[in-house]
Structures are given as C-alpha cells and as structure tokens.
Amino acid sequence: MTERSLVLIKPDGVERSLIGEILSRFETKGYRIADLTMLTPERALLERHYEEHQGKPFFEPLVEFMMSGPVVAAVIEGNRVIEGVRTLLGPSEPTTAPGGTIRGDLGRDWGAKVQKNLVHGSDSPESAEREIGIWFA
Ligand code: RTP
Ligand code: MG
C-alpha cells in the first residue's frame, strides 16, 4: 500500500553538506520525494514533533540541537516506505549502525550531549501523518 514518511535531514546533515547524498539514497531505492522544504525550526514545532520524548533526559538537548540550524523536511512516498526508510537509516546510534545504512556509512559519535544521527524517519503510519501535518501545515 502506498504510504508517506516524514524525513528530516537534521542540522548535522545539512552542516556536513550531505543533503544530496541522503536524499539520493531514498531516490535510488525507488521512493519518490513528494514534498521538500528547508527551514530552521522553532521550539514550539519541535516540542510537538518530539512530544513522545518529553520528560526524557535527552529531550532538551535534542530540541536545542534541532534548533541550531537549518533542517530539510521531506515527504517520501512509496509502498511500505515507512519501514523502508527506517531500514535505510539504520539504528539510532551511528557508531554501531551497520555499514550500508545512512547512519552507519555517514555518521559517527561527536561527543555531543545528544546523538547526532543525521536523519529522522517516521516510525508508524500514525506518526507519519501527524508529523507531515506539523512540518507541512
Ligand atoms: P528519529 O526519531 O530521529 O528517527 O530517531 P530514532 O527513532 O532512531 O530515535 P528516537 O528514540 O525516536 O530518539 C529521537 C532522537 O533523539 C536523539 N537521541 N539522543 N541518549 C541520547 O543521546 C539520545 N537518545 C535519543 C537522537 O537524535 C534520536 O534520533
Ligand atoms: Mg523516533
């Protein structure tokens, strides 16, 4: 079934000039970029986006990091794209993410307070629609 996923290229990915490389992974896989924008998000938007993580120790550093520079937001479309994007991203921690994944190939630990792992991808159809509504209001 055709689905949509919300992908964010986080400030570390933009800062490191990896926008083209990261978007091309989704295109090469066969998914379609259905919408695309670049912005420096404000706190209120990020608090909505990360509401499931409110109260966790990494929440505040995460919001601060995400506000630190421009982010690319994209709607990626295709059959089973939500699962497919998560597979392309690899696990959260770039140090141990397998080679072949975006985080494994392009990411590393920078000793920061929060894991800088280049990209966000929606984790379920419900969160995808909720997140697309936040970033593409
Ligand atoms: P995402 O939501 O960004 O696609 O990543 P994810 O599902 O793999 O990770 P999640 O558990 O949803 O956490 C959201 C983001 O918070 C940062 N984080 N840092 N202990 C830490 O330093 C820590 N834990 C989580 C990461 O940037 C993670 O992607
Ligand atoms: Mg998540």
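A residue is called buried here if 20 or more other C-beta atoms lie within 10 Å of its own, and exposed if 12 or fewer do. By that rule H120 is buried in this predicted model, because 21 other C-beta atoms lie within 10 Å. The structure is a prediction, and an unreviewed UniProt entry annotates residues 2–137 as "domain: Nucleoside diphosphate kinase-like". Over residues 2–137 the chain is 41% helix and 21% strand, with the end C-alpha atoms 21 Å apart.

**Annotated positions**

- The unreviewed UniProt entry gives the annotation "active site" to H120, a residue that the model places in strand 4, which runs over residues 119–121.
- Once neighbours within four places in sequence are left aside, the contacts of H120 are V7, L8 and K10, and K10 is itself one of the positions that UniProt (unreviewed entry) lists under "binding site".
- The "binding site" feature of that unreviewed entry also includes F58, R86, R103 and N117.
- R103 sits in helix 6, residues 102–106, and it counts as buried because 23 C-beta neighbours fall inside 10 Å, where 20 or more are needed.
- Not counting residues up to four places away in sequence, R103 touches L89, G90, P91, P94, A97, N117 and L118.
- N117 belongs to the loop between helix 6 and strand 4, and it is buried because it has 23 other C-beta atoms within 10 Å.
- With neighbours within four places in sequence set aside, N117 is in contact with S92, P94, R103 and G107, so that two of the annotated "binding site" positions, R103 and N117, touch each other.

**Surroundings of ligand 1**

- The residues around ligand 1 are F58, L62, S92, V114, Q115, N117, H120, G121 and D123, a shell that divides by class into three nonpolar, five polar and one charged residues.
- This shell includes H120, annotated as "active site" in the unreviewed UniProt entry, as well as F58 and N117, which that entry lists under "binding site".

**Nonpolar core**

- The largest nonpolar core has 27 residues, and those touching the most other members are L8, I76, V85 and V119.
- Two or more residues of this core come from each of strand 1 (2–9), helix 2 (19–29), helix 4 (59–66), strand 3 (71–79), helix 5 (81–89), helix 6 and helix 7 (125–135), and strand 3 gives the most, with six residues.
- Leaving aside neighbours within four places in sequence, I76 is in contact with R4, S5, V7, F26, Y31, I33, A34, V81 and V85.
- As a general background, nonpolar side chains in soluble globular proteins tend to be buried together.

**Helix 5**

- The buried residues of helix 5 are V81, I82, V85, L88 and L89, and seen down the helix axis they fall within an arc of 130°, so they line one face of the helix.
- In general, an α-helix has 3.6 residues a turn, so residues three or four places apart point the same way.
- The elements covering the buried residues of helix 5 include strand 1, helix 2, strand 3, helix 6, strand 4 and helix 7.
- Helix 5 is followed by G90, which has a positive phi, near 85°, and G90 is among the residues that R103 touches.

**An exposed tryptophan**

- W110 lies in the loop between helix 6 and strand 4, and it counts as exposed because 10 C-beta neighbours are found inside 10 Å, within the limit of 12 or fewer.
- W110 and P94 are 16 residues apart in sequence, and their C-alpha atoms are 10.0 Å apart in space.

Note on methods: Residues are numbered from 1 along each chain as its sequence is written. Chains are lettered from A and ligands numbered from 1 in the order in which they are written. This is a predicted model: local features need pLDDT of at least 70, side-chain atom pairs count only at pLDDT 80 or more; totals for chains, interfaces and linings use all residues. UniProt positions are given in the numbering used here, feature names are shortened, and annotations may be inferred rather than shown by experiment. Helices (H or I, at least four residues) and strands (E, at least two) are DSSP runs, numbered from the N terminus. Two residues are in contact if their C-beta atoms, placed from the backbone, lie within 7 Å. A nonpolar core is a set of buried Ala, Val, Leu, Ile, Met, Phe, Trp, Tyr and Cys residues joined through C-beta atoms within 7 Å. A residue is near a molecule or strand if its C-beta atom, placed from the backbone, lies within 6 Å of it. Ala, Val, Leu, Ile, Met, Phe, Trp, Tyr, Cys and Pro count as nonpolar, Asp, Glu, Lys and Arg as charged, and the others, Gly among them, as polar. The arc is that of the directions from the helix axis to the C-beta atoms.
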